[in-house]
Amino acid sequence: MSPAAWQQTPRRRAGMLQETPPCAGEGLVVVRGGRWRVLAIASHEDCEAWRLAAADGADTATLLVPFDRPRLLRRDPLQRLVSRRRWMASLGAVIASTTGHDELRTAAGAKIDLHPYQLEPVLACLEGVPRVLIADEVGLGKTIQAGLIISELAARGEAERVLVVAPAGLCTQWRVELEERFHLEPAVVDAAALRSLASWPSVEAGPWQRVAVAIASVDFVKRPEVLRGMSPARYDLLVVDEAHGCAHARERSAAIGWLARRSRRVVLLTATPHDGDAAAFDALCATGRLDDEPPLLVFRRTRRSVGSAGRRRIHLVRVRLSPAEEALHAALERYTSRVWRARATDPGGRNARLAMIVLRKRAASGPTALLLSLARRLEWLSRAQEDATLQLQLPLGSEADFDVEDAQPDALLAAPGLEDTETECRALRRLVDAARAAAAHDSKLASLGRLLSRAREPAIVFTEYRDTLDRLAACLHDAHGPIATLHGGMSVGERDAAVRAFNSGRAATLLATDAAAHGLNLQSGCRLVVNVELPWNPVRLEQRIGRVDRIGQARRVHGFNLVAAGTCEDRVLARLVARIGQAGHSLGSVESLVGALGEEDVAGAVFEGRNLEVDGRRGSGETRQAEGGSAGSVTAGIVEAAQREAERLERVRRLLRGHGDRTGEGGAGAKGGDSLLGGLERRAPWVTILRRGRAHGLASGLWCVCRVSITDGRGRLRDQKLLALRAGADGAHSIAALHRAIEDLAASASTIRVSEVNRRVAAAAQALAARERAIAAADSEPPLPVQPGLFDRRALAVAERSARERERAARELAARLAGLELAATVGSVRAELLLVLVVPA
């Protein structure tokens, strides 16, 4: 059969099936020896993919039509007399499974707690919003909100191909979350998976097109060879986790921007949308923007605004230093301040200033960490005197698996600070001697050991640099038992093993750096976070404690900040953190308060010995606008709709929980509801007779429950509504007469409903069609001239493959636009009689 023949009309395809194809969510089909409900139907060039769920179980399957030929299971027209208990359970199942066009189909069955604010982004996407930024504070469930969007759009047939881009250390966590919470089947695509996918022979579909929900690391997809392989793919939904990390890095930004401009919907996730760099924020808001599109819709909720503030306590531990450590810090401050001033007006002195920042940070970690950096700097400067050339280290292995942000920045330490290098080397030698003397007694290390001994419970200890972490692990292991470590030099598998060891209790302490721990969920068995040093970017403090202070934490969270008394850490950073905490307690937001405080601002205050002020006016928690109006705000209508939907979903869950107990069949929850719905699909209506005296105020007669279903022009289910009808007191109506009466009722009662559904669905379809055309216009490039070699026809082969891809993309565009045009119309309205209650006179 040719693709052209298959694509002629839906009626032609229906004829091949010998039946009218069912709508998603309606009717049963028989195929491969079983009965199945149709969840979604996705039309492709030469086939249709039918997602099915077993009528009496939890199994799911995807079949290709016409290679499989499902047969519609016609409903037995004879009514069935059932017990009152079973009738009531069936009524609950019908209510739970009936959803309107603006109601969620998958959230009730997801393994999540229902919070109204988490429903707002998915409701906005259903209205046709193409680009969304979820910028909630740490721990408010951004992954859950993205999972709701993915599962809901997939259930409606609007997300047949999804790509989730995340840091390498979070890819496995994304897969587990989508599998366990939303019953999806995602796949992590790395180099090995890509080789396996590429080994499948296919002329039309590339490797990336064969995965319905793909998860990949941002550093993997940014590779040129990987991006070339993704060229044929167009994604229905692109989700970018930790999106702020793509705004600064040029290669990441270019790759994510290219993917976003080819995706029909874009969802960006970050807890720190603004770090003080307005240009970076504007670049973030412009991700995936096409011509004449509405601004990015931003959701920014704080703990206070969602009612979860006030469950943490922050403790400042001022560590008293030894005389040797005090002398070291005093000498270091004199040296670094001298270099800072000397390079203040030098355009080429930026690296020297950054080197001084590194030395101050290393001093906060302890004398041993500072000793390593001082010795390394002395070595570089001594070699520079001898005109030694610096050998750059080449990255070996997969850079997608590793993160170098927590490694000692050797390249910065090589930048000369003073004009006279010999003088600087003599100062460094004195500092090295002082650091060796101070390293004999590390006061912060001793204080950390005492704190962990007193706590006697699992704790996460954060430090900025990897070598500091290694020293802590070596020193704490004997006194505090098994210790897990998490840093940027570990592979993804090693990181996952460390997190499992800590969450399972096999390790009582987790030592981590910021580069490896962002985005992790560690709240299940831990509530204690210790910071060995205060980071110079205050937002990192919130990100660190956010690993345990997040949804699912049942206890009060405690954060301990170790501060070296009498140093710049005590004089500037500790005071800044205290003021931020006070303002955040009053205003409800921490990241928004420090969003405009960059690390350079903090560094200037440290070296100049001045305090930093916190502008409380920035802490309102409202959506932050980028310059030029590139961010849109959330309307009150979405907030109110989310509140109503959360209340409805709670009622649905209560109904689902009661099904098994009511029927006595041993089923429970959604599974029991599926069994009841399967019975109704095979034979309806179900009839029960109410005993005399149990009418509870119901008038006598036949009470009927019918379901009105509205489909769009593609045959996809768009809206369902239940109607109740009282047939009369004489009881003389036949079931056939009831069917006719219900059809008349549906025709009259659904007029207003059809108009509302058509208006809302048409608006969303038109918005998606506009983006579809914009994607095609932005991606259309004229074919380049081809110059074949005399004996080499590879250039011709590449040109022919590109031509086929352009033809395929043109056909896909035409098919999608035609489908969206049909989606904007109402296809049919059908009424079904499901349940009849007989109330005797």
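Biologist: How many bridges join strand E1 to strand E2, and which way do the two strands run?

Modeller: Keep in mind that we're looking at a predicted model. Four bridges join E1, residues 28-31, to E2, residues 34-43, and the strands run antiparallel. Across the pair, Val30 stands opposite Arg35 in E2. This is a hairpin with two residues between the strands, and there Arg32 takes a positive phi near 55°.

Biologist: Is Arg456 buried or exposed?

Modeller: Arg456 has 76% relative accessibility, so it counts as exposed. Compare that with Gly417, which counts as buried because its relative accessibility is 2%. Gly417 sits in the loop between helix H16 (410-413) and helix H17 (421-438).

Biologist: What does Gly417 touch, leaving out residues up to four places away in sequence?

Modeller: Gly417 touches Val339, Ala342, Arg343, Ala352, Arg377 and Glu424. Take Ala342: Gly417 and Ala342 are 75 residues apart in sequence, but their C-alpha atoms are 7.6 Å apart in space.

Biologist: Okay, what about the nonpolar core? Which residues touch the most other members of the largest one?

Modeller: The general idea is that in soluble globular proteins, nonpolar side chains tend to be buried together. Here the largest nonpolar core has 63 residues, and Trp174 and Val239 touch the most other members. Setting aside neighbours within four places in sequence, Trp174 is in contact with residues including Val164, Ile215, Val239 and Leu269. There's also a second, separate core of 42 residues, with Ala352, Leu359, Leu541 and Leu576 among them.

Biologist: And charged side chains? How many salt bridges does a search of the whole structure find?

Modeller: In general, side chains of opposite charge can pair when their charged atoms come close. The search finds 38 salt bridges in this structure. In one of them, Glu293 pairs with Arg771, with the closest N and O atoms 2.5 Å apart. That pair links distant parts of the chain, 478 residues apart: Glu293 is in the loop between helix H12 and strand E13, and Arg771 is in helix H29. Both residues, Glu293 and Arg771, are buried.

Biologist: Which residue forms a salt bridge with Lys444?

Modeller: Glu569 does, and their closest N and O atoms are 2.9 Å apart. Lys444 lies in helix H18 and Glu569 in helix H23, so the pair ties together parts 125 residues apart in sequence. Salt bridges can also share partners: Lys361, Glu464, Asp514, Arg540 and Arg544 are joined into one network that way.

Biologist: Last one: where is confidence lowest, and where is it highest?

Modeller: For the chain, the mean pLDDT is 78, and 76% of the residues reach 70 or more. Confidence is lowest in helix H1 (residues 3-6), at a mean of 34, and highest in strand E11 (residues 237-240), at 96. Over residues 1-20 the pLDDT is below 50, although this stretch has 30 contacts in the model beyond near neighbours in sequence.

How values were computed:
Residues numbered from 1 in each chain as written. Predicted model: local features only at pLDDT ≥ 70, side-chain atom pairs only at ≥ 80, totals over all residues. Heavy atoms only, no water. Core = buried A, V, L, I, M, F, W, Y, C linked by side-chain atoms within 4.5 Å. Buried < 20%, exposed > 50% of the residue type's maximum accessible area, 1.4 Å probe, protein only. Contact = heavy atoms within 4.5 Å. pLDDT = per-residue confidence, 0-100. Pairing = 2+ DSSP bridges. Salt bridge = Lys/Arg side-chain N within 4 Å of Asp/Glu carboxyl O.
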